[in-house]
Amino acid sequence: MKDSNDPVEPGKAADKAAGKAVGGAKGPDELRQQIQETRGQLGDTVEELAAKADVKARARARGAELKGKASEAGHAVQDKATEAGHVVQDKAVEAGHAVQDKAVQAGHVVQDKAVQAGHVVQSRATQAGHAVQDNVPQPVRTAVTNAVQAGKRHPRPVLIAGAGVVVAAGLLRRRHNGHRHNGRH
């Protein structure tokens, strides 16, 4: 059973008030009380109808509700994007470290190979130097040793003489290649 203060569906408040009036009041005080209750119920019904009829207010309320939901959704998306950005950044750092480790390892391998090759070249150069030294006559060795010592004491004339030898060798080579090239045509 409904309380007399509960909202009544529109149109039913008038029926309810009319039903009480038909039931009859036992006196003017009871009639006044019934009228007062009916007025209250009608007032509530009018307010409910007015609220339902106020489309602008309902639209504003719904808009505010949707705006709140959209804001919440936007924050959730932003949080997810931030989290995904952190995950990607962490993965990139890990990948960068892995690449850096591989590069360091490759650098060590290359360095080891270069050192080994350097030792091989140095050993072969030493062997070749000993072979030349063993096969060069003593007067030539003495002359070369004297020239090297003179070059150490006076490097500029030796550099100039060396440059002259390089130029002369280049000219002879060019002339020699030119004769061979001309002979083919």
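Here is a short tour, from the whole chain down to single side chains.

This is a predicted model, where local features need pLDDT of at least 70, side-chain atom pairs count only at pLDDT 80 or more, and totals use all residues. Residues are numbered from 1 along each chain as its sequence is written, and side-chain values use heavy atoms, without hydrogens and water.

Start with the cartoon: you'll see five helices and zero strands (DSSP runs of H or I, at least four residues, or E, at least two, numbered from the N terminus). Buried residues (under 20% relative accessible area; exposed is over 50%, partly exposed in between, 1.4 Å probe, protein chains only) make up 4% of the 185.

Now colour by pLDDT, the predictor's confidence in each residue from 0 to 100. The average is 80, and 83% of the residues score at least 70. Residues 1-5 fall below 50. Where pLDDT is low, the predicted coordinates should not be read in detail.

Next, select D29 and R32 in helix 2 (residues 28-53). They form a salt bridge (Lys or Arg side-chain nitrogen within 4 Å of an Asp or Glu carboxyl oxygen), with the closest N and O atoms 3.1 Å apart. D29 is exposed at 59%, and R32 is exposed at 53%.

Move on to helix 3 (residues 55-135) and pick R62 and E65, whose closest N and O atoms sit 3.0 Å apart in a salt bridge. Shared partners join R62, E65 and K69 into one network.

Last stop: V144 in helix 4 (residues 138-153), which is partly exposed at 46%.

Definitions and conventions: Contact = heavy atoms within 4.5 Å.
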